[in-house]
Amino acid sequence: MKLTTATLLAFASMTMLASPAFAQDKNVTVVLTEVLEVVDPCMAARSDVGRVVLQNVSETLTEFDPGTSKLLPRLATEWEQVNDTTWRFKLRPGVKFHDSSTLDPADIEFSLKRNKTAALGCEVGAKYFGATEFTTKAIDDTTVEVTSNPGSPILPLLLSILPIQPSEDPVDKFTTTPNGTGPYKFAAWDVGQSATLVRNDDYWGEKPVVEKATYLFRTDAAVAAAMVLAGEADIAPNIAVQDATNPETDLSYPNSETSTLRIDATLPPMNDRRVREALNLAIDRNAMIGTVFAPGVVPATQQVPPTTIGFNKDLKPWPYDLERAKKLLAEAKADGVPVETEIQMVGRINIYPNATEVMEGIQAMLLEAGFNATLQMFEVGEWNRYFVKPYPEPRTPNLVQCQHDNAKGDPVFTAFVKHHTEGAHSAMSDPETDKLITEATAASGDERTALWEKLFAHVNDEYIADIPLFYMVGFSRVGPRLDFKPTIATNSELQLSQIRFKAQ
Amino acid sequence: MGSFVLKRSLYSIISLVGLLVLVFFLSRLTGDPAALYLPVDAPASVREAFREARGLNDPLIVQFGDFVWNLLHFDFGESLRRQRPAFDVVLEAFPWTLCLAAITMSLVLLGAVVLGSLAAMNVGKSFDRISSVISLAAASAPDFWVALMAIFLFAVALGWVPTSGTGTPWHWILPVAVLFIRPFGLILQVVRGSMITALSSAYVKTARAKGVRQRAITFVHALRNAMLPVITVAGDQAAGLLNGAVVVESVFGFPGIGKLMIDSILQRDFAVVLAAIMITSLAIFIMNLLIDLAYALLDPRIRY
Amino acid sequence: MADTQTPTLAETHSPPGWLRLLWADKYATVAAVFLLFVVAMAIFGPSLFADLSSKVNFRGRNLAPFQFEHGWLMILGADSLGRPILARILVAAQNTMTIAFFAVLAAGIVGGSLGLIAGYSRKLVSDVIMRLADVIMSFPSLLLAVIVLYMLKPALGNLVLVLAITRIPVYLRTTRAEVLEIRERMFVQAAKVMGASTWRITFLHILPMVLPTLLTIATLDFAFVMLAESSLSFLGIGIQPPEVTWGLMVAQGRPYMAQAWWLSFWPGLMIVLTTMSLNLLSNWLRTVLDPAQRWRLEGSKETANV
Amino acid sequence: MSDHVLQVSNLSVEFDTGGRRVKAVRDVSFHLDRGETLAILGESGSGKSVSASAVMNLIDCPPGHITSGAITYRGRDLLNMSEAERREINGRKIAMIFQDPLAHLNPVYPVGWQIAEAMRVHGMPADQANRRAVELMERVGINNPQKRAKAYPHQFSGGQRQRLMIAMALGYDPDVLIADEPTSALDVTVQAQILKLLQQLRDETGMGLLMITHDLGVVAEMADRVIVMNSGQVVEAGTTRDVFKSPKHPYTQKLIGAVPGQGGIRTGKIGEEAPILKVEKLNKHFGEYHVLRDVSFDLKAGETVAVVGESGSGKSTTARAILRLDDPDNGQVIYNGRDLLAMNEKEVFKLRRDIQMIFQDPTQSLNPRMPVYKIISEAWSIHRDILPKDRWRERVLELLDLVGLKPEHADRYPHQFSGGQRQRIAIARALAVEPRIIICDEAVSALDVSVQAQVIKLLDSLRTRLGVAYIFIAHDLPVVRDFADRVVVMKDGIIVESGDVEQIFERPAHPYTQALLAASLEPDPDARDAWRAAQATVQPSVQ
C-alpha cells in the first residue's frame with residue numbers, strides 16, 4: 001500500500017515538471033541513433049563520428065557538393081595537378097586550430113600519415129587510402145604538394161574526406177578532445193550519454209547561427225523520434241521509415257546508399273547469365289516501395305547513385321516479369337544448368353531498416369519464380385565472412401544482401417571492390433569488366449566519365465553481376481523550431497552551420 | 001565467519017579465473033576483430049597491418065600470456081573499438097548499472113514483500129488471485145514492449161516524465177519501473193509462498209496466544225522467517241540486473257554495462273568483454289557474500 | 001491442533017480420474033483447454049496454414065485487426081509483409097513450443113541431474129559442480145550464442161543448446177538445495193536401511209520430492225525461453241525467416257510499436273497466456289502429485305487453492 | 001452466568017476438509033476456577049486441543065469454525081468480542097503454552113525479546129518489559145538470565161525452552177494458563193521438573209491450570225479434576241481419583257488398561273546360546289563430544305534388549321552404528337562371527353536383509369508419495385532374489401494382514417492412515433525382508449498410549465511367531481517393562497547399568513536408573529503416592 005501512495009505522490013509532482021525551456025536560446029539538441037564510441041576525426045568516415053565532427057569541428061581541404069557534383073574549396077583555396085602523381089594545394093591563409101595553432105603544410109602531412117597508422121586503423125585511411133602511399137612536400141607556409149602512389153586523377157576529391165588534424169595530436173592513440181579548424185569547438189564528451197559543441201568565435205568563415213549543440217545517443221530509433229516529438233531534442237538525423245509519420249517534421253533525403261543483392265556468378269547455377277537475369281526479373285521492386293522500403297526510394301540500375309560521374313542514366317530498372325523469369329529458368333534447365341540447386345540468401349540484420357522483411361519478401365518472390373532459395377539472417381560478424389574475401393569454404397551459391405555508399409562522386413570507390421575479379425567484395429570474374437575498370441581508373445575528364453558509363457552498361461546489362469534494388473533514402477525528424485532540410489550529405493555529416501531557426 | 005569469507009573468496013576466485021580463461025579462449029573462436037573494426041572496403045593489406053600492430057596475429061597462447069601478464073598488473077588491455085583502457089570503459093558504465101539494479105531491487109523487495117504478504121494473508125481470496133495473475137502476466141510480458149509503451153504513454157502522450165536519458169531523478173522513473181516488473185512478479189510469488197508457510201507455523205500461533213496484532217505477526221514474526229528463500233531468489237534476480245538490463249539500457253539511453261557487453265561481444269572487443277565479466281562477476285560475488293551474511297543476520301541458527 | 005485433522009481412513013475411493021481432478025480446479029481447467037489448443041496448433045498449424053502464413057502481400061501491410069472484410073484469418077491484422085497474423089501465430093506455435101519445450105526439458109534434466117549429484121555426493125564433486133554453475137551463470141549468454149554460431153551450423157538444435165545451457169544453473173541450484181534438505185529425511189534413511197542404492201534413493205525417493213519445484217520453475221522458464229529465443233534469432237542462430245516463432249514475431253513487431261501495435265501484441269499475448277496457463281496447470285499438478293494434497297481436488301465443491 | 005473464571009458450554013467446532021465437514025468438537029462443556037488444575041485427557045483426534053484453541057481464538061478459519069456454544073471468561077463472552085478486546089485477554093488474562101516449544105518459539109528473535117513482547121503488546125513500556133522478562137526467566141529456572149535473554153531458542157535445551165514458554169505466559173500473572181501437552185516431547189526427568197514448576201507457579205499465583213494431555217501419568221500427577229475426550233466428545237468427567245479408580249466409560253477403561261508397565265515382567269527363558277549380535281567397545285566422537293564410550297552389549301536370537309536413555313545418551317548413535325548408517329570411531333559389532341563394521345558395501349547390502357529398523361516417527365519414515373504397496377514391495381525390488389514379482393501383491397497382503405491392516409490399505413498413501421497404522425506399515429516394510437533383528441528406535445514413543453499398547457503387542461506376537469530379535473530403543477522405562485528381556489541403560493554415551501528387566505525395575509543399582517524410574521509418572525494415584533513414599537528415602541540427586 002505504501003507503494004501506491006508513493007506512486008501517486010510521484011505522479012502528482014511530475015505533472016508540475018516543466019518542459020525543457022527552449023525560449024530564446026540558440027542551442028540545438030541532436031539525438032543520434034548510435035552511441036558515440038570514439039570522437040577522433042580520423043574516424044569521421046563513420047557516420048556517427050562524422051555527424052558530430054566532420055565540418056563542424058574538423059574540416060577538409062576540399063568539400064564535395066553532391067547537389068552540383070562540384071568540388072568546393074574549404075581549407076584549400078585552390079589546387080592543381082602538377083604531374084600524373086602530384087597535386088599542389090594552396091591552403092587558406094590565417095586559419096587557426098581551436099588551440100590557436102596555425103594551419104600549415106605539416107598538419108596536412110601529419111593528417112595523411114596518421115590516417116595510415118596501422119595500429120589506429122583509422123576509418124578514413126582504411127576505407128579510402130588503403131592501397132595508396134602519400135608523400136608531401138611543403139612549398140611554403142600555405143602551399144603543399146601531395147604525391148600519391150599510385151597516382152590518382154581524382155586526388156582532390158579523395159581529400160574531401162580527410163579531416164585535417166593538427167600535428168600536435170597524438171600519433172598512436174585516439175584523441176578524446178578533437179582539435180580542428182571548424183566553426184565549432186569540441187567542448188565536452190560525457191561518454192555514453194552526450195557530446196557538446198560550442199561555437200568557435202574565431203572561425204575563419206561565416207559565423208553560424210547555432211551557438212551550442214548537444215548530441216544525445218539513443219540506440220532505439222523510435223525513442224529518438226519520440227524525443228523530438230516530446231520536445232526533448234531538435235533533430236533526429238536518422239529515424240526509421242516507420243517512425244516517419246508526420247510530413248511536417250519528418251523529412252526524407254537520398255542517403256547515397258545503394259541496396260543490392262550480390263550474385264555469386266562464379267558458381268552454378270548462377271554462373272549462367274539466364275539464371276541471373278531471371279533472378280532480376282522475378283523481383284517486384286515496385287511492390288516493395290512504400291512498404292518494406294521507404295516511400296521515395298528509387299529502383300536502382302547500378303551500384304553507384306545518380307550523383308556519381310559516370311553514372312549510366314540509360315540503364316533501365318529491371319521490370320517485374322515472372323513469366324519471362326520462369327521461361328529463362330526453364331531454358332537454362334533444358335541446357336543442363338542445375339537450377340534446382342539451393343541458393344542461400346545471406347542477409348545481415350539491420351543493414352538497413354526492415355532488412356529481414358526485405359529478404360523474406362524477396363525470398364517469397366524467388367520461390368514463386370521457381371528458385372530453391374533459403375534465407376539466413378546473420379549479425380554483422382558472421383555476415384562479413386560471406387561478404388568479404390576470402391569466402392568460407394566450401395562455397396555454395398549465394399545471394400548476399402549488400403548496401404554500398406558512394407557519396408564521393410567517383411565510381412573508383414566502387415567499381416574495383418565490387419566488380420573486379422580481385423575486388424574484395426566481388427563474386428564475379430569477367431575479363432572485359434576487369435579491363436574497363438583498369439582503364440577508367442587511370443583516365444580523367446570526359447574519357448573517365450565515358451569509360452565508367454561503359455563499365456556499368458556492361459556489368460549490369462550484359463553480364464548482370466548483381467541484383468540492384470534501390471537508391472535508398474533516409475529520414476530525419478526536425479523539430480518545429482528549426483529551419484533545416486536534410487540532404488544526401490546528412491548520411492555522413494550534419495553541418496551545424498547550415499541550421500537556421502524559424503522566426504517565431 | 002572470517003574463515004567462511006576467506007573460503008568463499010577462494011572459491012569465487014577459482015570460478016572467476018576459470019571463467020576468464022574460458023571466455024578468453026572461446027571468444028577467440030568467434031572471428032576476426034579486425035574484420036569488424038575496419039571498414040568493409042579496407043584492403044587486405046590494411047587489415048593485415050592492423051592485425052600485426054594489434055598483436056592479433058600472435059599465437060593464441062602468446063596472446064593469453066600477455067593477457068595474464070597484464071592482468072597481474074591490473075591491466076585489462078585496451079579496448080580495440082575505443083582505443084582506451086578497457087577497464088576505464090567498463091568502470092564508466094558499471095555505476096549506472098549498479099545504481100539501476102540497487103534502486104530497482106530495493107523497490108521490488110519492498111513492493112513484493114508488502115503485496116506478497118497481503119496475498120498470503122488472503123490466500124484464495126480475490127486479492128490473492130488478482131495479484132498472482134497480474135504479477136505473472138507482467139513477468140512474462142516482453143520488456144521492450146513494456147518499455148516502449150511506457151514511453152509513448154507517459155512521456156510522449158501525457159508528458160509526465162522525460163522519454164529517456166539520465167539527467168534528473170525524473171529520468172530514472174520509467175527505466176526503474178520497467179525493470180521492476182519482472183523480478184517483482186517472480187519475487188511476489190516467492191514471498192507469497194514462503195509467507196503462507198510462515199504464517200501457518202507454530203510460533204505464529206504463540207504470538208496470537210500472546211495477543212500480538214495480526215499486522216505485527218505478519219511483518220515482525222512471520223516475515224523475517226519467510227525472508228530466506230526470498231533473498232535467495234532476489235539475489236538471482238539482482239545478479240541478472242547486474243549482468244545488465246540490456247533492453248532498458250538501450251531504450252532509455254542508459255550507458256550501462258549490459259549494452260556495453262553486448263556491443264563488445266558483437267564487435268569482438270575482447271578486452272572490454274573480459275573486463276566487464278570480471279567486474280560483474282566480482283559484483284555478483286560480493287552480493288552473494290552479502291546475501292550469505294544476511295542469512296546469518298536474519299536467522300541466528302545459521303552460522304558459518 | 002496437530003491432532004485434529006488426521007484424516008483417518010474415511011470412505012474407500014478408487015483413484016479418481018484425472019479429468020475429474022482437473023474439473024475441480026476451474027482455473028486449471030481453462031488453462032488446460034488453452035494449452036490443449038496450443039498443442040493442437042503446434043501439431044496441425046503448419047500443415048493447415050503454412051501457405052497462408054507465408055503469403056507475402058505488400059498491399060495488406062500492417063493491416064489493422066478486427067476488420068472482417070478480409071476474411072477471418074485477417075481478424076488479428078497483418079504483419080509488415082501483409083501476412084495474416086492469426087495464421088502466423090498458429091503456424092509459429094510449432095517452432096515456439098518445440099524450442100521452448102526442448103530447451104526447458106534439456107536444462108531441467110541436465111540441471112536437475114547435476115543438482116541431484118551435487119546434493120547427494122561427496123563434498124569435492126559437489127563443489128566442482130557448484131563452481132561450474134557459477135561459471136555458467138556469469139558466462140554471457142550472448143557470447144555463448146555467438147560462439148555456437150561460429151563453431152556449429154545454425155540450426156534449431158543449436159538454438160536449443162544455447163538456451164538450455166544458460167538455464168541450467170537455475171535448476172541445478174534449486175535441486176541441490178532441496179536435495180540437501182530431503183536427504184536428511186527419515187524415509188531416505190529408511191530406504192538406506194533397506195539397502196537401497198544411491199541411484200534408487202536419488203531417483204525414486206528424492207527426485208519425486210524435488211520434481212514439483214522444478215516443474216514450477218520450468219513453467220516460468222517457458223516464458224523466458226520464448227522471449228530469449230527471439231533475441232538469439234537476431235544473431236542468426238536457429239529460427240530463420242520464413243520460419244517463425246512467437247518470440248520472433250514479437251521482436252519483428254518492435255519497430256512498429258508506435259504505428260502497428262498488433263504486430264507484437266498478439267504473439268506477446270500468446271506468450272503471456274501460455275505461461276500463465278502452464279503456471280496454473282503446474283500448480284494444479286503439484287496438488288495432484290502430492291498425495292497429501294490431492295484431497296483438495298477430490299469431491300470438493302469449491303475450487304482448491306492454497 | 002456462573003462465576004467460574006473460564007466456562008466453556010456446549011462448544012462445537014467443525015472443520016472443512018476438502019468439502020467434507022468434520023465435527024472436531026461436539027457439545028463440549030467444562031469450567032475452570034482459579035487455583036485448580038483441570039486436565040483434558042484424550043488421544044490424537046479427540047478434539048482436546050481444538051477445545052483449547054477455541055478458548056484462545058486460535059482456530060484457523062477457514063477451515064475451522066465454531067458452530068455453537070459459548071466460552072466465557074469471568075462472565076464475558078469471548079466469542080462475541082471484538083478482535084481488540086479479545087487480544088487484550090489473550091496473553092494477559094489467559095495464556096497458553098504448547099507441546100513443541102522449539103517450533104512455538106520464533107527461531108529468529110532472542111528469547112528475552114519474545115518474553116518481553118508478550119508484555120509490550122499489552123502496553124508495558126519496553127524497558128520495564130525487558131526487566132520483567134529477565135525476572136521471569138530467573139523464576140522459571142534459567143541460569144544467568146540477563147545474558148541468556150539475548151540468546152535464541154535453538155541455543156536452549158528442550159526443557160529450558162518449555163521453561164521459556166512458561167515465562168512468556170506469566171508476564172501478567174494470568175488467571176488461566178492453558179498447557180497443551182507441555183511435556184510430551186521431553187525426557188522423563190525433565191518432564192518431572194517442568195510439571196513441578198507448573199505446580200509451584202499455580203500455587204504461587206493462584207492461576208487456574210488447564211492441562212491438555214494424552215498421558216494418564218501427567219493427569220495423575222497434576223490434575224484436581226479431569227475430563228476425558230474421545231472423538232470430539234466428553235465421555236467422562238470427575239475428580240482425578242474417581243476417574244482412575246472407577247472409570248465408567250469403556251473408553252476411559254481402555255485408556256487406563258493400556259498404560260504400559262502394568263503387565264507381568266517377562267521371565268527370561270533365554271538360554272545360554274551364543275548371541276547373534278555382539279556390540280563391543282563402540283566409541284565415537286562428534287567434534288569434542290564423546291558420544292559413545294566403550295558401548296558393549298549383546299543380543300541373542302529371539303530376545304529383546306531395550307536400550308533406554310534420555311536425549312543425548314547415545315542410544316540412537318549406537319543403533320546407527322549397528323545399521324552402518326554412521327560409522328563409529330572404533331569398536332566392533334560382531335554378527336554371524338564377523339565384524340559388520342568391517343564389511344564392504346556388498347556385504348552390507350546382504351546384511352540389510354538380516355537387520356532392519358523401525359523409526360520413531362512413521363509420518364517421517366514413510367515416503368509420502370508412495371502408496372503402501374510400493375513402500376512394502378520396495379524391499380523386493382532392492383533385494384531381487386527374495387520374491388518373484390508376480391507374488392509381490394499376494395505377499396504384501398499377507399504382511400498387511402500380519403500387522404493387522406486390511407487388503408484395501410495397500411493402495412493408499414501414508415497420510416491417509418493414523419499414526420498407529422503408519423507404524424504398522426513401517427513394521428510390515430521391515431518384515432518384508434524377513435530380518436532376524438529389528439532395531440526399534442523409539443518406535444512407539446510418538447504414539448497414543450492405547451496405540452502404543454497395540455503396537456507393542458504386535459511386536460511381541462511377531463517375536464513369538466517369527467523369532468525376531470529386537471533392539472528396542474526408548475527414553476522411557478515403563479514402555480519396556482512388559483516387552484524387553486534385558487535392559488541397557490545409557491547416559492552420556494556410557495552404559496550405566498544393564499541386566500534383566502526384573503533386576504532393573506525391582507533392584508536398580510545405578511542412581512540414574514533409579515532417577516529414571518522415579519521420574520516415570522505413575523497413573524494410579526494410590527500407587528504413585530506409595531511409590532513416592534518408598535523412594536523418598538532412596539532417591540539421590542539426578543542432576
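Start where chains A and B meet: 45 residues of chain A and 48 residues of chain B make up this contact, two residues being in contact if their C-beta atoms, placed from the backbone, lie within 7 Å. Before you click on, note that this is a predicted model, where local features need pLDDT of at least 70, side-chain atom pairs count only at pLDDT 80 or more, and totals for chains, interfaces and linings use all residues. Residues are numbered from 1 along each chain as its sequence is written, while chains are lettered from A and ligands numbered from 1 in the order in which they are written.

On the chain A side, select helix H1 (2-14), helix H4 (123-128), E10, helix H6 (221-229) and helix H11 (380-387); each supplies at least two residues to the side that touches chain B. Helices (H or I, at least four residues) and strands (E, at least two) are DSSP runs, numbered from the N terminus. Color that side of chain A by class and you get 27 nonpolar, nine polar and nine charged residues. Here Ala, Val, Leu, Ile, Met, Phe, Trp, Tyr, Cys and Pro count as nonpolar, Asp, Glu, Lys and Arg as charged, and the others, Gly among them, as polar.

Stay with E10 of chain A, residues 212-217. Strand E1 (residues 27-32) of chain A runs parallel to E10(A), joined by six bridges, and strand E9 (residues 194-199) of chain A pairs with E10(A) in the antiparallel sense over five bridges. Strands pair if DSSP finds at least two bridges between them. Now pick Thr214(A): Thr29(A) has Thr214(A) as its bridge partner, and Thr196(A) stands opposite Thr214(A) as well.

Next, go to where chain A touches chain C: 23 residues of chain A are in contact with 20 residues of chain C. Which element of chain A gives the most to this side? Select H10(A), which gives six residues. Helix H8 (285-288), helix H10 (355-369) and strand E15 (372-378) of chain A each supply at least two. By class, this side of chain A has ten nonpolar, eight polar and five charged residues.

Then show chain C by itself: ten helices and zero strands. Of its 306 residues, 56% count as buried (20 or more other C-beta atoms within 10 Å of a residue's own, with C-beta atoms placed from the backbone).

Note on methods:
Buried ≥ 20, exposed ≤ 12 C-beta atoms within 10 Å, placed from the backbone.
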